[in-house]
Amino acid sequence: MDEGVYAELPALAIAGAVARGETSAAEVVEAALGRIARLEPALCAFREVWAGGARARAAEVDRRVAAGERLPLAGVPIGVKAGAGGPDGTPAEPVRRLLAAGCVPVGATSVPGPGTRWRTWGLGAGGRTVNPWRRDRSPGGSSAGSAVAVAAGMVPMATGADGAGSVRIPAAWCGVLGLKTTNGLLPSADRSGLTAPGVLVRCAADLAAWLECVPGVRVRGSGDGAGERAGAPVAAVWSPDLGFARSDPEVVRVARAAAERLAAAGAVRLEPPAAEAVLPDPGPAWLALRGHGGDREAAERTRAESGARLDALLGGARLLLTPATPNRPHGHDGPGGRYSTALTWTFNLSGHPAASVPAGFTGDGCPAGLQIAAARGGEALLASVVRAAEGAGLRALPPPEA
């Protein structure tokens, strides 16, 4: 398989071609490894590349397909967030389910290095992970390498874990789709209950496929190639700041324009601002619950208050729309005084699912994301609206020089 063709294919298209015998998992993996070898020196998206293990796994997938086994993601190369399992250790549950579906892990994607002050960047085997849109900027974190690998076409799908925005922030800054699931839907080793597994992909159909293969969520119309959402528009409330964040006006402008495109496409119906969308700043509570000092009893009260307000707002299949981050991608020296987590970690505290979809670009050429949050267990609704967003033109684009 040609590397350039491979880089443009969604995971479902790859799996379909392997299942029909039009290509093999072995050929797909060679294309993936070739692309990684070409782009990795500049992007540093991987901690490790598992070339030997990937080839062995691909050969196994080809044997299973030849024996008549139906694998929904046959031969799909995936990146595995470093520390989240892989072929040389005991894989985490989401990775095990992807392996069972026929995926082929090709490497461990970059995360921040030991002792890193900021979690909004990654460190690959070859050095600092860079944003594929602007290499002087951070890709976000901590699922930095996963976002870069997906954006650059190294893999069509990569795993992530989201404790404060660690999937949604890099998805927004690298211009791809990122989902944090409802806390507790999938196993997590985080005793604070703040972290939930997630995924980074380039298209809505692949998000739906991941939901069906990993948490077992059935998404209406998944895999049929439809670009629109059937049914009446979903009620949605827009907030630029959740009542506390100091959001960059240009980031707000891009995200708000994306929300209006969703409304114009008939996917959502924007409602007036709601009192429930004015939330307490989750920062002190999040830090206390993670053991960074502070009053844990007050933190639990904040968690309960945020959860109750969001339950009231998101009940009846309503959505909450915000910018994914209050800021654009910062440089590699850190975020300064504005935390990129300001608009994401609220949903880690409350446990609600949330996704970042590509919203457009700020004037400096950096991607921005639109965050969409739903009621607990609302992953199918999110996936449906993400599909509609893609139909409205809010889709991942290939970065330059990739």
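**Exercise 1. In which sense do strand β1 and β3 pair, and over how many bridges?**

Before we start, note that this is a predicted model, where local features need pLDDT of at least 70, side-chain atom pairs count only at pLDDT 80 or more, and totals for chains, interfaces and linings use all residues. Residues are numbered from 1 along each chain as its sequence is written, and side-chain values use heavy atoms, with hydrogens and water left out.

*Step 1.* Find the strands, which are DSSP runs of E with at least two residues, numbered from the N terminus (helices are runs of H or I with at least four). Strand β1 covers residues 46–49, and β3 covers residues 104–109.

*Step 2.* Two strands pair if DSSP finds at least two bridges between them. Here β1 and β3 have three bridges and pair in the antiparallel sense. Glu-48, for instance, has Ala-108 of β3 as its bridge partner.

*Step 3.* Now turn to β2 (residues 77–81), which pairs with β3 in the parallel sense over five bridges. Lys-81 stands opposite Thr-109 of β3.

**Exercise 2. Is Ser-306 buried or exposed?**

*Step 1.* Locate Ser-306 in helix α11 (residues 296–314).

*Step 2.* Apply the cut-offs: buried is under 20% relative accessible area, exposed is over 50%, and partly exposed is in between, using a 1.4 Å probe and protein chains only. Ser-306 counts as buried because its relative accessibility is 1%.

*Step 3.* List its contacts (heavy atoms within 4.5 Å). Leaving aside neighbours within four places in sequence, Ser-306 touches Leu-279, Pro-280 and Leu-349.

**Exercise 3. Decide where to read the model with care.**

*Step 1.* The chain has a mean pLDDT of 93, and 96% of its residues reach 70 or more.

*Step 2.* Find the exception to watch: over residues 223–229 the pLDDT is below 50, although this stretch has 14 contacts in the model beyond near neighbours in sequence. Where pLDDT is low, the predicted coordinates should not be read in detail.

Conventions:
pLDDT is the predictor's confidence in each residue, from 0 to 100.
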